[in-house]
Each structure stands twice: as C-alpha cells, then as structure tokens.
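Student: Can we go through this structure together? I have not looked at it before.

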Amino acid sequence: MNVLIIGLGSIAKKHILALKTINKNVHIYALRSGQSLTQQIDGVTNIEKISTCPPVDFIIISNPTAFHADAIKQVSYLKKPLFIEKPPFHTLAQADECLAFVNQNNIPTYTAFNLRFLDCLIYLKENIDNNKVQEVNVYCGSYLPNWRSNVDYKKSYSANADMGGGVHLDLIHELDYVLWIFGNPLKVQSTLRSNSTININAIDYANYILIYDHFVVNIILNYYRKETKRSCEIVFDDTVWHTNLITNEIMDMNNKSIFKSTQTVQDTYLSQMEYFCEAVKKNEFTFNSIHESINTLKIALK
C-alpha cells in the first residue's frame, strides 16, 4: 500500500501510526519543502514534488485547514481517494471551489471526524429514539494554552483565524456528531465570540442552538476552560442520559451505568483508518464525504 500525505503535524502522525498498525509494509510519501525536507520520520519518505511520487492508493490531506483547498487542487489530477482532516475548509468560498474539482474528477472523499468511531457515541446513534428526546445539551471546553507542550499557543493555527483556527472549527466534532446522530435541524442560531482572557484573534467561544421538530440541541464550545469537559446530556421524557466522551461512558439520572467502554479516543484513529482503507479496497465510500462535511461547515460558520 502506497500513501501520499500532505502535512506532517501531530494529527498526521496519528494517521501514520494507524497506517503502520494496519499494514506494516505501507509506503508513506510526504510532500515537504524547505528545511523540512531534511527532517526524517521513521517509515516516511520525503518528496519535494508530487510529480516525483510513485503511484499511490490514496492521499491524506492533513496540513493546516487554511491550506486544504490548495492541497486538494494540487492533487486532484491524480484522481485518487482523499482522506481529509477535519474541518475540510475554513471558508465556504474554498468549499465551493474544491467541490468543483472533486466532482469534475469524480474523486472519492472522506472527512476525518474520528469521534464517529467513539463507542459511546455509536451507542447513542444506535439506541436513541428521537421521538422521546426532549432536550440535548452538548459541551466541550478545555484550555488552549495547555494543548501543545513547549509551543506558544498564540502562534499555533488554533489561535489564528487566518490559518483556519478557532474553537468553532477545532471542535467542530461536536457539531458533526450531533448532525450524525439526530440529522439536520430545521433552524440554527449561533453566537461566535473572541473575548476571553486567553487573548487570541480567533473565535474562542461558540454557541449553537439547533432546532428540531420536537426538541432543541444546545452546543457550547470554548478554549478557556481549565477543567476539561466533553459531554452530551440527553433529556428524555422519562430519564436523562449523561455521556462522558473522555471516559467513554453513559450514566442515567440515578447514576446507573448504561454503557461503558475501555476504548480511548486514540483508538478511534485506528478504527477510522481501518474503515477508510477498506472503503478504498472495495471502492465503497458512503460515510462522511466532503459534501456532508461541508454541510456541517456551513452550520459552523453560520
């Protein structure tokens, strides 16, 4: 198996680890430039031009979000399946332009929302009756300065809007899994702000209200909470389910366990890559294409 990867940040390294776990003989080629050409990663061959890359089975787009569009246009002539790190883009103008390239070249795509492979969310997807849902409250907050050790957080892409950063894009997972589980809402209201003491130029607080036929979903995202919390509370007509995405478990209102898994979030990167490799092998791409993720992006940017 031959794979071309564009962008070798922390997320890309998780994808590389997953690939090596699936296939020990995988050949990975990374498009590099400048000084990065001299930096070596075990099992990865640096290339300076796409034209020098041997034939590949698929391509991973994992550079900063603001550069996804250029990368997709650059490799579209190869007409190979694309594994695109989330979010697909940071503007809708980029989305429309790239969709044209993807459609014209009939390129299969998958957008990497790995939380769709988290066991507790899969359980919710498979066991919720929307008719019994009264209210949903989703929360994801953590402290951006602690995200990356030995890195000035204000220089990271997360803190810079022009690089595609902002909590509404970094934590778009929450919006994605809500749409995956409950479907598209009838109406969306949103508030996006950058006003906290972490003092960045990107969005550091996002609130979405998704209105459905019989219930409302409230999503809160932030970069400034020092006590990390990632949860989904579902209020039914007869009980409440409290889902903790960090511990991968679901409890009811009486503190009784409904579901618990030993799977970690890190494990979802392997499950996700296994899905994608199988999709490439069978040429069956039915899950979270770029078209679907752009719909999510439209709500995130609303």
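Student: Is Gly 166 buried or exposed?
Tutor: Gly 166 counts as buried because its relative accessibility is 0%; buried means under 20% relative accessible area, exposed over 50%, and partly exposed in between, with a 1.4 Å probe and protein chains only. This is a predicted model, where local features need pLDDT of at least 70, side-chain atom pairs count only at pLDDT 80 or more, and totals for chains, interfaces and linings use all residues. Residues are numbered from 1 along each chain as its sequence is written, and side-chain values use heavy atoms, leaving out hydrogens and water.

Student: What is Gly 166 in contact with, leaving aside neighbours within four places in sequence?
Tutor: Ser 158, Ala 202, Ile 203 and Tyr 223. Contact means heavy atoms within 4.5 Å.

Student: New topic. Which residues of the largest nonpolar core touch the most other members?
Tutor: Leu 121, Phe 182 and Leu 210, out of 73 residues. Such a core is a set of buried Ala, Val, Leu, Ile, Met, Phe, Trp, Tyr and Cys residues joined through side-chain atoms within 4.5 Å. Helix H6 (residues 173–182) gives the largest share of this core, seven residues. Helices (H or I, at least four residues) and strands (E, at least two) are DSSP runs, numbered from the N terminus.

Student: And what does Phe 182 contact beyond four places in sequence?
Tutor: Its partners include Ile 128, Val 133, Tyr 212 and Ile 234.

Student: Where is Asn 46?
Tutor: Asn 46 is in strand E3 (residues 44–47). Asn 46 is buried because its relative accessible area is 17%.
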